[in-house]
Amino acid sequence: MIKNKYIYSSGIQEFIPVRPAIILMLNTLLLSFVLSCSPAPKERGIDSTLTVAPVDTSTLADKLLRFAKTLKGTPYKYGSTNPREGFDCSGFITYVFNHFKIDVPRSSAGFTNEGVPVSLATAQPGDLILFTGTDSTIRTVGHMGIITQVGDSIVFIHSTSGKAYGVTETTLDKYYMGRFVKVIRYI
């Protein structure tokens, strides 16, 4: 076991005891000084600086939801996928998914047999939630959104022609439960 090392100090002309941790610190300082003084061979495209980029641990669903939420307030416009004009419900979904180069059906009814069905209890943010149109007695898909929150309550983002009239987040309430068809996992 090394207890002490000695360095020779030319200014004092004697040996000075130094602990291993101090030796490591001095070596590190000396190395960083030498590296900072020596120019990197830039002519060969080598850069002596070390930059560590932050690691993005976001899932695709996280990114998709962040992007979708930037569109809140976009007005409702039937048949549109253009954020400058507005969206209908499937136009909103199309625009968001296409932003990430994911092809989706253009109509809400087109999602009827797409994706992997999951129960409402196992739904996750990023899953698609499908509803009937405004006439809940007609049990075909006519409206949809993206689930943004699960837990005590389920929240989804969608473009609605209802009271909010545009892209908004809505809690899955009694009205929407009456229109609920299913949840699908598309990504």
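## A first question

Is Asp127 buried or exposed? Asp127 is buried, because its relative accessible area is 3%, and the cut-off for buried is under 20%. Keep in mind as you read that this is a predicted model.

Asp127 has a partner: it forms a salt bridge with Arg185, and the closest N and O atoms are 2.8 Å apart. Arg185 belongs to strand E10, while Asp127 sits in the loop between strand E5 (116–118) and E6, so the bridge ties together parts that are 58 residues apart in sequence.

## Other salt bridges

Side chains of opposite charge can pair when their charged atoms come close. Searching the whole structure turns up five salt bridges. One of them joins Glu169 and Lys72, with 2.9 Å between the closest N and O atoms. This pair links distant parts of the chain: Glu169 is in strand E9 (residues 166–171) and Lys72 is in the loop between H2 and strand E3 (81–82), 97 residues apart. Glu169 counts as partly exposed at 25% relative accessibility, and Lys72 counts as partly exposed at 43%.

Asp56 and Lys63 form a salt bridge too, their closest N and O atoms being 3.5 Å apart. Asp56 is partly exposed at 48% relative accessibility, and Lys63 is partly exposed with a relative accessible area of 31%.

## The nonpolar cores

Now let's look at the nonpolar residues. The largest nonpolar core has 22 residues, and those with the most contacts inside it include Phe92, Ile93, Val96 and Phe97. Helix H2 (60–69), H3, strand E6 (128–132) and strand E7 (141–149) each supply at least two residues of this core. Which of these elements gives the most? The answer is H3, with five residues.

Setting aside neighbours within four places in sequence, Phe97 is in contact with Leu64, Ile102, Val104, Leu128, Ile146, Tyr186 and Ile187.

## Aromatic pairs

How many aromatic pairs does a search of the whole structure find? There are 11 of them. Phe87 and Tyr95 make a tilted pair, 5.3 Å centre to centre with 40° between the planes. Phe87 is buried at 0% relative accessibility, whereas Tyr95 is partly exposed at 28%. Phe87 and Tyr95 also belong to a cluster linked by ring pairs, together with Phe67, Phe92 and Phe100.

Phe97 and Tyr186 have ring centres 5.9 Å apart and planes at 80°, so their pair is edge-to-face. This pair links distant parts of the chain, with Phe97 in helix H3 and Tyr186 in the segment after strand E10 (180–185), 89 residues apart. Phe97 is buried, at 0% relative accessibility, while Tyr186 is partly exposed, with a relative accessible area of 21%.

## A serine in helix H3

Let's finish with Ser90, which is found in helix H3 (residues 89–99). Ser90 is buried, with a relative accessible area of 5%. Which side chain makes a polar contact of 2.7 Å with that of Ser90? The partner is the side chain of Arg106. Leaving aside neighbours within four places in sequence, Ser90 is in contact with Arg106, Ser107, Ser108 and Met144.

Terms used. Residues numbered from 1 in each chain as written. Predicted model: local features only at pLDDT ≥ 70, side-chain atom pairs only at ≥ 80, totals over all residues. Heavy atoms only, no water. Helix = DSSP H or I, 4+ residues; strand = E, 2+ residues; numbered from the N terminus. Buried < 20%, exposed > 50% of the residue type's maximum accessible area, 1.4 Å probe, protein only. Polar contact = N/O pair within 3.5 Å; in protein donor to acceptor, adjacent residues only side chain to side chain. Contact = heavy atoms within 4.5 Å. Core = buried A, V, L, I, M, F, W, Y, C linked by side-chain atoms within 4.5 Å. Phe/Tyr/Trp six-rings, centres within 6.5 Å; stacked < 30°, edge-to-face > 60°. Salt bridge = Lys/Arg side-chain N within 4 Å of Asp/Glu carboxyl O.
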